[in-house]
Amino acid sequence: MTLKYLDQTGLSLMLSVGATWFKRGCGHQFAIPTRWGSSGRINLIGTYSLHRHEEVLEVRELTGTCTGDQVTAYLDTLAAECRPGQLTVVVLDNAAFHKGALIRERRELWEQQGLYLRYLPPYAPFLNLIEEVWRRLKGILMPRRCYNSVAELRDALLTGLKILGTRFI
């Protein structure tokens with residue numbers, strides 16, 4: 001069996017906020033200034049896979065923000081790579097684009113190909129192992145600084161992903 005933890009992440013020209021915490025139902029929103037808006041971001045979707053003794057990070061750069069269509073396309077790619085007789089389980093959080101109509105429609109087809117979806121309990125991102133990979137990438141492997149251009153950000157990102165042995169799909 002192969003277990004894959006799926007999630008999205010975004011990187012911006014500005015330093016990201018590492019983590020915040022509020023008691024459930026008491027969250028406050030703060031305006032955080034950004035540089036160049038959405039054109040100053042790189043968004044990724046990826047899976048952190050555990051298979052026997054092997055750990056693999058697979059990523060794809062997204063165009064714009066994450067949508068159900070992009071998640072579906074990514075899952076289509078994972079399903080196409082499933083081996084006959086090999087069970088592959090993808091663990092997702094409860095984001096709306098992980099549970100949309102298109103995903104519900106394709107789920108049976110993916111299961112026929114050997115790809116099964118399982119959802120984490122609500123409000124439990126700490127159970128998604130890829131979150132720690134994103135944290136390591138952003139907080140340790142990439143220089144903690146503001147970037148002057150998306151090209152500069154992409155270079156730092158690619159260096160960090162290379163250290164992690166990332167496979168681009």
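The following is a conversation about a predicted model of one protein chain and the reasons behind the terms used for it.

Trainee: What makes up the secondary structure of the protein chain?
Mentor: The protein chain has 4 helices and 6 strands. In sequence order the pattern is β-β-β-α-β-α-β-α-α-β.

Trainee: In what order do the strands lie in the sheet, and what is the pairing?
Mentor: The 6 strands form an open sheet, ordered β5-β4-β1-β2-β3-β6, and the pairing is mixed. In that sheet β5 and β6 (167–168) are the edge strands.

Trainee: Why are β5 and β6 called edge strands?
Mentor: Each of them pairs on one side only.

Trainee: How do you know that β1 and β2 pair, and in which sense do they run?
Mentor: Pairing requires at least two bridges, and 10 bridges join β1 to β2. The two strands therefore count as paired, and they run antiparallel. Within this pairing, Leu6 has Thr47 of β2 as its bridge partner.

Trainee: What about β1 and β4?
Mentor: Strand β1 (residues 2–12) and β4 share 4 bridges, in the parallel sense. With at least two bridges as the requirement, they are paired too. Leu3 is opposite Val89 in β4.

Trainee: Which strand do 5 bridges join to β4?
Mentor: Strand β5 (residues 115–119), and it runs parallel to β4. Val91 has Arg118 of β5 as its bridge partner.

Trainee: What makes a right-handed β-α-β unit here?
Mentor: The unit consists of β4, helix α2 (residues 101–113) and β5. A crossover is called right-handed if the path from the first strand over the helix to the second runs clockwise, with the strands pointing away from the viewer. The unit of β4, α2 and β5 is assigned that hand.

Trainee: Why is strand β4 said to be largely enclosed?
Mentor: Because 5 of the 5 residues of β4 (residues 88–92) are buried, the strand is largely enclosed by the rest of the structure. Thr88, Val90 and Leu92 point one way, Val89 and Val91 point the other way, and all are buried.

Trainee: Why is Ile45 called buried?
Mentor: Buried means under 20% relative accessible area. Ile45 is at 0%, so it counts as buried. This residue is in strand β2 (residues 41–51). Leaving aside neighbours within four places in sequence, the contacts of Ile45 include Leu6, Val59, Leu62, Val71 and Tyr74. Its C-alpha atom is 6.5 Å from that of Thr9, a residue 36 positions away along the chain.

Trainee: And how do you know that Thr72 is buried?
Mentor: Thr72 has 3% relative accessibility, so by the under 20% rule it counts as buried. Thr72 lies in helix α1 (residues 68–80). Beyond its neighbours within four places in sequence, Thr72 contacts Leu102, Ile103, Arg106 and Trp110.

Trainee: What share of the residues in the protein chain is buried?
Mentor: Of the 169 residues, 38% are buried. The protein chain exposes about 10,100 Å², with 56% of that supplied by carbon and sulfur atoms.

Trainee: What makes the charge of Lys99 count as sitting over a ring?
Mentor: The distance limit is 6 Å from the ring centre, and the angle must be within 35 degrees of the ring normal. The charged end of Lys99 is 4.9 Å from the centre of the Tyr119 ring and is assigned as sitting over that ring.

Trainee: How many aromatic pairs are there?
Mentor: The count is 0 aromatic pairs. A pair needs ring centres within 6.5 Å.

Notes. Residues numbered from 1 in each chain as written. Predicted model: local features only at pLDDT ≥ 70, side-chain atom pairs only at ≥ 80, totals over all residues. Heavy atoms only, no water. Buried < 20%, exposed > 50% of the residue type's maximum accessible area, 1.4 Å probe, protein only. Phe/Tyr/Trp six-rings, centres within 6.5 Å; stacked < 30°, edge-to-face > 60°. Areas by Shrake-Rupley, 256 points an atom, 1.4 Å probe, with all protein chains shown as cover. Contact = heavy atoms within 4.5 Å.
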